[in-house]
Amino acid sequence: MRYYIISDIHGNLEGLERALQDIESDLPGEVICLGDVVGYGPDPNECCRVIKEKASVTILGNHDESVIEDVDLSYFNPFAREAILWTKQSLTEESLDFLRSLPLMHNTEHACFVHATPLQPEEWNYIFNFEEALANFRMIQQKVCFIGHSHQPMLLGYDGRQIIIHKSNTLEPKDSLKYIINVGSVGQPRDGDPRLSYAVYDSDSKSCQIRRLAYDIQKTQDKMRKAGLNEFLIERLSIGR
Ligand code: ZN
């Protein structure tokens with residue numbers, strides 16, 4: 001079975017459509033979305049509609065949660081907060097219903113899927129260091145766990161003693177290791193590469209690949225300007241930071 005794992009769309013329809021075009025030209029498989037369908041970008045409703053139609057499973061992200069619940073927005077930086085308030089008043093009842101239906105985690109026999117971390121997914125933590133990676137690896141029953149949230153693709157392995165950072169975008173996994181794979185972001189990459197990022201996972205061979213694709217950034221930026229979204233959020237799409 002092939003899985004196409006996308007995350008952090010953030011209302012960026014051009015990024016989402018480009019990723020899906022690539023996925024649909026590939027072998028048949030299941031699309032799984034790791035959340036943050038909305039927030040930052042100009043097309044939150046369209047992204048909800050497309051994801052609802054195309055993804056077999058969608059997980060709740062922290063931006064999704066922030067528009068469906070009365071959460072404390074002081075957790076977010078001022079740009080994110082402003083975009084959340086804009087998104088909140090732009091969403092239709094249909095989009096809100098879809099976001100309210102999303103689970104915090106999805107488990108299969110071979111893999112788990114979560115927005116932030118498998119350890120306390122509702123806390124929206126990041127994996128920044130060895131201790132945090134270790135605590136999360138200990139939580140995972142399956143061979144591999146797919147995450148998003150940081151908008152930075154990352155492949156981590158764990159052999160029961162140490163954490164291994166894989167430099168390449170392709171992973172041929174070893175039997176003895178477990179993996180945490182950050183699939184990066186479709187709608188707002190932050191690793192210095194503005195191209196969208198997503199992962200392809202083969203549950204038979206267990207191989208995984210991070211794919212990067214250029215999309216029509218300018219079109220998204222024009223829509224953001226028209227919507228009156230913050231210039232900082234518009235510019236960061238060009239530099240991928
Ligand atoms: Zn995000």
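A nonpolar core is a set of buried Ala, Val, Leu, Ile, Met, Phe, Trp, Tyr and Cys residues joined through side-chain atoms within 4.5 Å. In this predicted model, the largest such core has 46 residues. The structure also holds a zinc ion coordinated by Asp8, His10, Asp36 and His151.

**Nonpolar cores**
- Within the largest core, the residues with the most contacts are Ile6, Ile9, Leu16, Val37, Ile51, Leu99 and Tyr198.
- Helix α1 (residues 13–24) supplies the largest share of this core, 5 residues.
- A second, separate core comprises 20 residues, including Ile32, Ile59, Val144 and Tyr201.

**Zinc site**
- Angles among the 4 donor atoms run from 86 to 179°, and the site is irregular.
- The spacing of the donor residues in sequence is D-x1-H-x25-D-x114-H.
- Asp8 is buried, with a relative accessible area of 0%, and His10 is likewise buried, at 1%.

**Helix packing**
- Helix α7 (residues 217–227) packs with helix α8 (residues 231–239) at an angle of about 180°, their axes lying 10 Å apart.
- The two helices are therefore roughly antiparallel.
- On the α7 side, the contact is made by Ile217, Thr220, Gln221, Met224 and Arg225.
- On the α8 side, the contact is made by Glu231, Leu233, Ile234, Glu235, Leu237 and Ser238.

Key: Residues numbered from 1 in each chain as written. Predicted model: local features only at pLDDT ≥ 70, side-chain atom pairs only at ≥ 80, totals over all residues. Heavy atoms only, no water. Donors = N, O, S within 2.8 Å, 3.2 Å for Na, K, Ca; no water. Tetrahedral: all angles 85-135°; square planar, octahedral: opposite > 155°, others 65-115°. Buried < 20%, exposed > 50% of the residue type's maximum accessible area, 1.4 Å probe, protein only. Helix = DSSP H or I, 4+ residues; strand = E, 2+ residues; numbered from the N terminus. Axes fitted to C-alpha atoms, helices over the stretch in contact; angles between N-to-C directions. Parallel < 35°, antiparallel > 145°, perpendicular 65-115°, else oblique. Contact = heavy atoms within 4.5 Å.
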